[in-house]
Amino acid sequence: MVKVLIVDDSEFMRKLLRKILEGHFTVVGEAENGVEAVQKFMELKPDVVTMDIIMPIKNGISATAEIKKVNPQAKVVMCTSVGQEEKMKQAIKAGADGYITKPYQAPKVIEAIQEVLRR
Ligand SMILES: [Mg+2]
C-alpha cells in the first residue's frame, strides 16, 4: 500500500484530505508545519507527502527543499489555493513533483498522487 504523509496547518484540511485518501492509500501520519513535516518524513518514510504551502514555523517550500535534500527520490505534492501561482513556482524550484488545488476534488487528488508515483 502506498504510504502518504499529510502536511497542513489546518486540522480541517488534514481531515478532509485524509477522508479523500483513505481507501486508496495508507495515511501514515500528519504534520502541521514544515519542521514537523521533515521530522515525520524521516521517521515514517512515506512514498508521497502532500505539502501545504503556507504554514507557520516553516513553510511548505522550505520543508520540500529539506525533504528533497534528505531524499532526492521523495515525492512531494503541493497543496495550493487560487492566487498562489508565484509560491507554486518557488515550490517547483524547491523540487515539488505535482500539485493539488483547494477546494479539493477527490478524483483529482487521487489522480495527482498516482501521477507522481508513476514518475
Ligand atoms: Mg496553510
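Predicted model: local features only at pLDDT ≥ 70, side-chain atom pairs only at ≥ 80, totals over all residues.
## Two helices side by side

Let's start where two helices meet: G60, I61, T64, A65 and K68 of helix 3 are in contact with K87, Q90, A91 and A94 of helix 4.

## The overall plan

Stepping back, you can find 5 helices and 5 strands in the protein. Follow the chain from the N terminus and the elements come in the order β-α-β-α-β-α-β-α-β-α.

The C-alpha atoms fill a box of roughly 30 × 30 × 30 Å along the principal axes. A compact globule of 119 residues would have a radius of gyration near 14 Å, and the 12 Å of this protein agrees with that. Of the 119 residues, 36% count as buried. Among contacts with a separation of 6 or more, 58% are between residues 24 or more positions apart.

## The sheet and its helices

In general, the strands of a sheet pair through backbone hydrogen bonds, in either a parallel or an antiparallel way. In this protein, 5 strands form an open sheet with parallel pairing, in the order 2-1-3-4-5. Strand 2 and strand 5 (98–101) are the edge strands, each pairing on one side only. On average, neighbouring strands are turned by 25 degrees against each other, with direction ignored.

For a closer look, take strand 3 (residues 48–52) and strand 4 (residues 75–80), which run parallel and are joined by 5 bridges. V49 has V76 in strand 4 as its bridge partner. Helix 1 (residues 11–21) packs on the sheet, where it touches strand 1 (3–7), strand 2 and strand 3. The direction of helix 1 makes about 160 degrees with that of strand 1. Helix 5 (residues 106–118) also packs on the sheet, touching strand 3, strand 4 and strand 5. Its direction makes about 175 degrees with that of strand 5.

## A glycine in strand 2

Now find G29, which sits in strand 2 (residues 26–31). Is G29 buried or partly exposed? A residue needs 20 or more other C-beta atoms within 10 Å to be buried; G29 has 18, so G29 is partly exposed.

Leaving aside residues up to four places away in sequence, G29 touches L5, K40 and L44. The C-alpha atoms of G29 and K45 are separated by 10 Å, with the two residues 16 apart along the chain.

## Loops worth a look

K45 lies in the loop between helix 2 (34–44) and strand 3. K45 has a positive phi of about 45 degrees although it is not a glycine. K45 has 12 other C-beta atoms within 10 Å, so K45 is exposed.

I57 is another residue that has a positive phi without being a glycine, at about 70 degrees. You will find I57 in the loop between strand 3 and helix 3. With 13 other C-beta atoms within 10 Å, I57 is partly exposed.

Finally, look at P103 in the loop between strand 5 and helix 5. The peptide bond leading from K102 to P103 is cis, with omega near -5 degrees.

Key:
Residues numbered from 1 in each chain as written. Contact = placed C-beta atoms within 7 Å. Helix = DSSP H or I, 4+ residues; strand = E, 2+ residues; numbered from the N terminus. Rg over C-alpha atoms; globule rule 2.2 N^0.38 Å. Pairing = 2+ DSSP bridges. Axes fitted to C-alpha atoms, helices over the stretch in contact; angles between N-to-C directions.
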